[in-house]
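Try each task yourself before reading the solution.

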Amino acid sequence: MAKSAKWQKTKKKLIGGLVELGLVQKIFLYVMLISLCFVYVYPILHMGVTSLKSLTDLLDPSVQWLPHELTIENYTKALDVMGFTEHFLDTLLVTVVPALAQTFSCALAGYAFARFRFKGRNFLMMCVLLTFIVPFPVLMVPTYTMYADYGILSSIWTMILPAITGQGLRAAIFILIYRATYEQIPFSLDEAARVDGASEARVFFTIGVPLGLPAMITSFLFSFVWYWNETYTTSLFMGNASFGHTKSISTLVMELAQFEESYLAYLEKVGGWAAKNSGGANIQNEAVTMAGTILTIAPLLIVYFCLQRYFTDAIDRSGITGE
C-alpha cells in the first residue's frame, strides 16, 4: 500500500493532474515556448550581431555570433545612407498624424455602434466589416481614381483624410475593438450623466474616453505600426508627395527598400567608383543594411515597450482572444 501510494505521488508529479501541470508537461511546454521564441528572436539577434561586425569579421566565415571587434561605424554609415534625421521626421508625419486621427475617428464609430440604437445599425456594421473582408487590390483602381478627382493625389492628405473618416489602414478592426469595449460599460453611467444635463459629446469625453483609454492605446499602437511599415499604399498614393515644391516625402521603410542603390551612391560619393566596385563592398553592405534595419525598427520597439502594459490591459477588457 505504501509503495502504491508513493508511486501515485510520483506519477502525479511527473504527469500532473487537472489543476497542476506535471514535470513532463512543464518540460514539453517550456521546450515549445523556447522554440517559438527562438524563431521570432533569431532574426533580431542575427541583425544585431551582424550590424556590429567589422569588415574583417564579415570576411571571416568562422565568425558567427561573437565578433572579434565591435564597431558602430556601420550605424554611422546607415544614418548617412538613409538620411535618417530627415526621413525620420517624414515617417513621423506619415505615421503619427494618421494614427492619431484614426484612433479618434474609430473611437467615435465604435462608441456609436455600442451605445446607440438606430435604424440601419446592423447594415452599417456589415459595411464596416466589408471594408476589412474585401482585399485592397480590388479597391485600388477606384480609390486611386477618386483621389485623383479630389485633387489630393501625391499629397499627405491621401493618408490623413481616410484616417479622419474612420477608413484608414484596417480601421474595421479598431471599430470592432471599440465596440466590444464600450458594450461592457453599464448604460446607467450614460443615463446618470444625461440626467445631470450632459450632452452626448460630454458623455463621450467624460465617460467614453476615460473608460476606453486602453482600447485607444491599442488602436494607436496598431495604427502606428501598420502606418510605419506601410510602403505599398504610401508609394501608390503619395508618389512624389512633397512639402511645397522643395522637399519630397519618403519614409524610413521606403528608404530601406532602396537601401542597396542608396548605399552604392553613397560609396560613389565618398570614395569614387573604385570604392563602390571594391571586392568587399557587397559584404560590407550586409552589415550596413542590418544596421539600417535596426534603426528602422528601433522606434517601433521603443513605442511598444512603453505602451505594453496598456496594450495587455486593452486585450483583457475588449475580450480579444485567439479562439
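The exercises below go from the whole chain down to single residues.

This is a predicted model, with local features needing pLDDT of at least 70 and side-chain atom pairs counting only at pLDDT 80 or more, while totals for chains, interfaces and linings use all residues. Residues are numbered from 1 along each chain as its sequence is written, and side-chain values use heavy atoms, with hydrogens and water left out.

**Exercise 1: the whole chain**

Find how many helices and strands the protein chain has, and what percentage of its residues is buried.

Step 1. The secondary structure comes to 16 helices and 2 strands. Helices (H or I, at least four residues) and strands (E, at least two) are DSSP runs, numbered from the N terminus.

Step 2. Of the 323 residues, 38% are buried. Buried means under 20% relative accessible area, exposed over 50%, and partly exposed in between (1.4 Å probe, protein chains only).

Step 3. Now take the contacts with a separation of 6 or more: 74% of them join residues 24 or more positions apart. A contact here means heavy atoms within 4.5 Å.

**Exercise 2: two packed helices**

Describe how α5 and α11 pack, and list the residues that make the contact.

Step 1. Two packed helices are described by the angle between their axes and the distance between the axes. For α5 (residues 84-115) and α11 (residues 200-211), the angle is about 100° and the axes are 12 Å apart. Axes are lines fitted to C-alpha atoms, for helices over the stretch in contact, and angles run from 0 to 180 degrees between N-to-C directions.

Step 2. The two helices, α5 and α11, are therefore roughly perpendicular to each other; the cut-offs are under 35 degrees for roughly parallel, over 145 for roughly antiparallel, 65 to 115 for roughly perpendicular, and oblique for the rest.

Step 3. From α5 come Phe104, Ala107, Leu108 and Tyr111, and they meet Val203, Phe204, Phe205 and Gly208 of α11.

Step 4. Sort those residues and you get 7 nonpolar, 1 polar and no charged. Ala, Val, Leu, Ile, Met, Phe, Trp, Tyr, Cys and Pro count as nonpolar, Asp, Glu, Lys and Arg as charged, and the others, Gly among them, as polar.

**Exercise 3: rings**

Work out the geometry of the Tyr111 and Tyr182 rings, then that of Phe204 and Phe205.

Step 1. The structure holds 22 aromatic pairs. Rings of Phe, Tyr and Trp (its six-membered ring) pair if their centres lie within 6.5 Å; planes under 30 degrees apart count as stacked, over 60 as edge-to-face and the rest as tilted.

Step 2. Tyr111 and Tyr182 have ring centres 5.2 Å apart and planes at 85°, so they are edge-to-face. This pair links distant parts of the chain, with Tyr111 in α5 and Tyr182 in α9 (residues 171-183), 71 residues apart. Both tyrosines, Tyr111 and Tyr182, are buried.

Step 3. For Phe204 and Phe205, the centres are 5.2 Å apart and the planes at 75°, so that pair is edge-to-face. Phe204 is buried at 3% relative accessible area, while Phe205 is partly exposed at 47%.

Step 4. Phe104, Tyr111, Phe116, Tyr178, Tyr182, Phe204 and Phe205 form one aromatic cluster.

**Exercise 4: a side-chain contact**

Which backbone oxygen does the side chain of Thr181 reach?

Step 1. Thr181 sits in helix α9 and is buried, with a relative accessible area of 7%.

Step 2. Its side chain reaches the backbone oxygen of Ile177 at 2.9 Å.

Note on methods: A polar contact is a pair of N or O atoms within 3.5 Å; within protein, one must be able to donate a hydrogen and the other to accept it, and residues adjacent in sequence count only if both atoms are side-chain atoms.
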